[in-house]
Amino acid sequence: FFFLESNTHIEHTHTAEAGMRNPSGGSPAGCTLIGILAMLAAPADAVRCVTPTCQCEALKAVYSDLQISDIHTGFPGTEADCCKLSDVRCNDAGGITDLKLRGGTSTPSGVIPLESLKGLVELNRLDLGKDSSSSISGTIPGSLATVGNLRDLTLTAKRLSGTLPAELLGADAKGRLEELKVTGRISGTVPASYCESPSPKQGESKEYGMLQDLELGDNEHLSGTLSWSCFTQQYLEELRLDSTALSGTLPQFVDLPRIEEVDLSETKLSGTVPGRLCGKPGADPSPLQLLKLSRIEDLSGTMPEQCFKLANLKELNLKRTRVAGTLPRDMDLRQIEVIDFSNSGLSGTISDGLRRSKSLRFLELSRAGVSGTVPSFLNSLSLDGPGASCRLVDDTHSGNFQCPLPMDVPSCTRIYGQEIDCEYDYASPPPPPPRGFDGLDDLSPGMMALLLLFCLSGAGAAVHLVRRSLAPRKSIAEAAAMALEMQVGDIKVVK
């Protein structure tokens with residue numbers, strides 16, 4: 001038994017340990033025949049590391065497989081209390097519940113160490129490192145969701161590839177994941193079962209195992225359509241699918257009462273903005289804090305008015321879409337920090353309701369249909385200083401805004417460091433250039449030099465040379481014949 005206890009890869013069953021302990025629950029009383037038989041008879045899926053010592057040994061195997069060490073203690077090369085490692089959290093009994101590789105170790109590499117992770121039987125959260133500091137590669141094993149009591153799985157390594165296993169999340173899942181974040185070179189489609197609620201097991205609450213966070217952004221090869229059920233998740237709080245090749249029409253029936261963040265930017269989705277995405281009429285105020293729909297070229301229609309009256313919204317981005325509509329005068333976005341309507345179909349004026357948006361630090365309205373007076377209250381907001389930006393036009397002219405521009409709003413009335421020119425008639429196009437001898441555009445530099453010589457000298461030799469050179473170029477000769485005689489100084493250019 002001593003040999004089994006000290007071996008890194010041996011896992012003990014709760015049954016076996018119970019058979020080797022005194023009735024009082026103390027230390028093992030010895031190698032009883034019942035205890036040994038219980039261990040040997042335990043089924044493979046019941047073999048579990050239930051002691052902190054055993055889980056720490058399993059963690060050593062995980063670190064070894066990922067070729068990492070703790071930056072402060074050198075673990076696993078040196079002995080250390082696993083619960084005091086930089087990227088590890090434990091419960092009160094010493095069981096490892098969180099493993100989040102977020103800077104407390106050297107750079108992880110290799111493949112996902114599924115077998116070693118199975119020894120962390122109390123694990124709730126697993127994060128194998130942010131994409132900028134992870135060299136983990138390979139594919140995602142579907143049975144990863146069965147590790148411990150895993151509820152939150154983050155895999156943001158740019159070298160991950162393959163497809164999303166259906167058994168990782170949702171109705172077909174082997175475990176009870178509630179939060180899934182995957183970034184890499186993932187291809188294929190999003191399994192429809194991901195947004196289908198699993199059947200609760202006996203003794204589980206109705207919220208147990210329900211999807212709360214689905215983040216699959218920055219997988220440019222992830223394609224196909226998204227199941228409509230992803231927009232009717234009662235417990236979903238975050239939905240991020242940005243920078244993917246996902247397509248299809250946005251459903252108009254949306255029921256996401258707990259949604260806080262939606263990022264569908266830079267996808268191939270189409271349709272119109274669902275009105276219920278910003279809350280149901282007559283229901284409690286929407287908790288939505290982020291709505292990013294930028295660079296969806298086929299997104300059109302009218303922006304629902306309730307999306308401009310979200311008390312908790314911090315970012316609203318419709319950049320480079322065909323979404324239209326008029327900005328309401330009673331806009332109420334008092335927590336807003338970022339507004340980007342550039343290159344969209346939105347129109348109207350800068351609402352006086354923005355006066356309450358004291359946290360606004362980014363305002364982008366260039367190439368949209370917003371017009372009218374630039375309000376002086378913009379200067380009282382947070383649009384000036386580090387990280388702030390206010391861009392009303394995309395050049396040094398006043399665009400659709402009325403003059404004079406308020407001089408006390410320098411952050412909004414300057415572009416590229418220059419004052420916006422209020423005298424410029426932006427609506428009137430510049431006069432066309434005077435019509436002249438069209439054939440000049442076709443002349444080579446040598447011919448231009450000959451014409452210059454002719455105009456300056458008027459010498460007979462130059463005239464003869466120009467006429468002889470023009471003759472073979474039929475298009476120029478014909479153009480010259482059709483044009484009126486062109487007066488250059490005291491000399492006429494004729495056929």
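These questions and answers look at aromatic pairs and the nonpolar core in a predicted model.

User: How many aromatic pairs are there?
Analyst: Ring centres must lie within 6.5 Å to pair. By this rule, the count is two.

User: Are the rings of Tyr63 and Phe75 stacked or edge-to-face?
Analyst: Their centres are 5.4 Å apart. Planes over 60 degrees apart count as edge-to-face. The planes of Tyr63 and Phe75 stand at 75 degrees, so the pair is edge-to-face.

User: Where in the chain do Tyr63 and Phe75 sit?
Analyst: The pair links distant parts of the chain, 12 residues apart. Tyr63 is in helix H4 (residues 52-66). Phe75 is in the loop between H4 and strand E1 (88-90).

User: Is Tyr63 buried or exposed?
Analyst: Buried means under 20% relative accessible area. Tyr63 has 0%, so Tyr63 is buried.

User: What is the geometry of the pair Phe308 and Phe341?
Analyst: The ring centres are 6.2 Å apart. The planes are at 90 degrees, so the pair is edge-to-face.

User: How many residues apart are Phe308 and Phe341?
Analyst: Phe308 is in the loop between strand E17 (298-300) and strand E18 (315-317). Phe341 is in the loop between strand E20 (338-340) and strand E21 (345-349). The pair links distant parts of the chain, 33 residues apart.

User: Which element gives the largest share of the largest nonpolar core?
Analyst: This core has 103 residues. Elements giving two or more residues include strand E2 (96-100) and helix H5 (114-117). The largest share is six residues, and it comes from H4.

Note on methods
Residues are numbered from 1 along each chain as its sequence is written. This is a predicted model: local features need pLDDT of at least 70, side-chain atom pairs count only at pLDDT 80 or more; totals for chains, interfaces and linings use all residues. Side-chain values use heavy atoms; hydrogens and water are left out. Rings of Phe, Tyr and Trp (its six-membered ring) pair if their centres lie within 6.5 Å; planes under 30 degrees apart count as stacked, over 60 as edge-to-face and the rest as tilted. Helices (H or I, at least four residues) and strands (E, at least two) are DSSP runs, numbered from the N terminus. Buried means under 20% relative accessible area, exposed over 50%, partly exposed in between (1.4 Å probe, protein chains only). A nonpolar core is a set of buried Ala, Val, Leu, Ile, Met, Phe, Trp, Tyr and Cys residues joined through side-chain atoms within 4.5 Å.
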